[in-house]
Amino acid sequence: MNTIGRDYLTAIGAYEAVQKPLCDKDSWRLGFHIMPPAGWLNDPNGLCWFKGRYYVFFQYSPFNPKGGMKCWGLYTSADLVNWEYQGVKLCPDEVFDAHGVYSGSALVEDGVMTLFYTGNVKKVGDFNYVTDGREGNTVCVETKDGEHFEQKALLMTNEDYGVELTCHVRDPKVWKEDGRYYMVQGARAAEDVGEILVFESEDKRHWKRIQTLKSEKPLGFMWECPDLFELSGKRVLCFSPQGVEADGDKYQNVYQSGYCILDGDFRGDYKLGGFEELDRGFDYYAPQSFEAPDGRRIQIGWMGLPDIEGIYENPTVERGWQHAMTLPRELDVVDGKLRQQPVRELEQLRGQETAFAVNGEARVRTEGGFELWTERENQEEAFELQLGEQVLLRYLPEETTFEMRFLDQSGRGRDQRRVRLNGLRNLRMFVDTSSIEVFLNDGEEVFTSRYYPEKQESEVAVRTAKGSGKIWRLEV
């Protein structure tokens, strides 16, 4: 690391030492989610298993809770539950990443972790920053111990991507397959259409573009944070398109995150299936996945969204910090549809257990963060779960619809989100001090949202004809 980088890290460390204790006094600080020590957090980056620990890098603007110059902070864990902050590891200290270390991924091979990311550069002048005035450079850097990093290497610039593209090419995801290395990057074409670029390499240093992945009909103007992997015999392409118009209950957020099943060969003839949203809630974007040492595909998303000013609020900004990560989720493909389940390691958090039966209505006391599980004998009957006077979850059989609705001001502008659902068999919910994650029908659909209660509710009401459930206090 050069002198600029060392000075940057010194300044960040000094600021965190003062600001983090102040942020930790906030009653909305989360109990079992990854958060920034101070300032702003967004995209998960460089997820991997390396030398006995899980690594989650994250885009981080420590000095400003509204965002700003991006670096990469790092959390590590031995069990996906207990996370330790390891400080900032990458910061903008080269001419090719001078205005931000943007999103990317990790590749672990032969005891070496290689990080790939987008080096952001914004020129000063009369530019529109779409077709000119901006650089999205592809950069890599290696580490043998997760602590000390070698010299950064510039791999590609905008001139290497293609003349038919705008300046917006970013977020490299890299993996090895059939003895070669592959990379996907999100892009905005000159005609304002989102797409994915595919590159190939023999040595991780010299890359050649070999393919462009597109939908049959345009889907937004930019595709961010691509992730391509094989799961249960299916090839899955995850990405976050910007500029998709709302369609009934679909695509209600300012930007979306979802996936397509890719049939064929991503290097040759292929066809993308329909785009499906990964999460139906208010706060979910830019997910990334990795393969755990036991073969599971685990995904973590940003529990937030960009560009929500004037739509809804995150009042923790006034308290010096903003945003968090979702719980780690295990992915699977069932009947051609991607499903998400909280990783099994989260059961370590379970403390006091209370079982309950529902015959019309059951009321269960809660305290602090908790996990709730409930199932029903007749999945086609009406269902309601109400968290105090704040949140209502309900299944409407006459509309075959499930909805999340905020009942008071704790949503800070968040109102309701809905999804078509042909019956509700079971529901699993994790509630932290200022977040809710709801998993329906063994992860067939998911709702993730932040909320900001003035007090922590102490009762959950479950209403259905006949059912049962359990609630666990989570020991943080």
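**Close-up 1. Contacts of Leu427 in the predicted model.** Leaving aside residues up to four places away in sequence, Leu427 touches Leu372, Trp373, Thr374, Phe383, Leu385, Leu393, Phe402, Val438, Phe439 and Leu440 in this predicted model. The largest nonpolar core has 69 residues, and Leu427, together with Phe402 and Met429, touches the most other members. Another core, of 18 residues, lies apart from it and includes Leu237, Val244, Cys260 and Leu262.

**Close-up 2. An edge-to-face pair, Phe116 and Trp207.** Among the 30 aromatic pairs that a search of the whole structure finds, the rings of Phe116 and Trp207 have centres 6.2 Å apart and planes at 90°, so the pair is edge-to-face. Phe116 belongs to strand β6 (residues 112-122) and Trp207 to strand β12 (residues 207-213), so that the pair links distant parts of the chain, 91 residues apart. Both Phe116 and Trp207 are buried.

**Close-up 3. A stacked pair, Trp223 and Phe239.** The two rings lie 4.1 Å centre to centre, with 25° between the planes, and they join strand β13 (residues 222-231), which holds Trp223, to strand β14, which holds Phe239. Trp223 is buried at a relative accessible area of 0%, and Phe239 also counts as buried, at 1%.

**Close-up 4. Positive phi at Asp178 and Tyr251.** Asp178, although not a glycine, has a positive phi of about 55° and is placed in the loop between β9 (165-177) and β10 (180-189), where its relative accessible area of 61% makes it exposed. Tyr251 likewise has a positive phi of about 55°, in the loop between β14 (234-242) and β15 (258-264), but counts as buried at 13% relative accessibility.

How values were computed
Residues numbered from 1 in each chain as written. Predicted model: local features only at pLDDT ≥ 70, side-chain atom pairs only at ≥ 80, totals over all residues. Heavy atoms only, no water. Core = buried A, V, L, I, M, F, W, Y, C linked by side-chain atoms within 4.5 Å. Buried < 20%, exposed > 50% of the residue type's maximum accessible area, 1.4 Å probe, protein only. Contact = heavy atoms within 4.5 Å. Helix = DSSP H or I, 4+ residues; strand = E, 2+ residues; numbered from the N terminus. Phe/Tyr/Trp six-rings, centres within 6.5 Å; stacked < 30°, edge-to-face > 60°.
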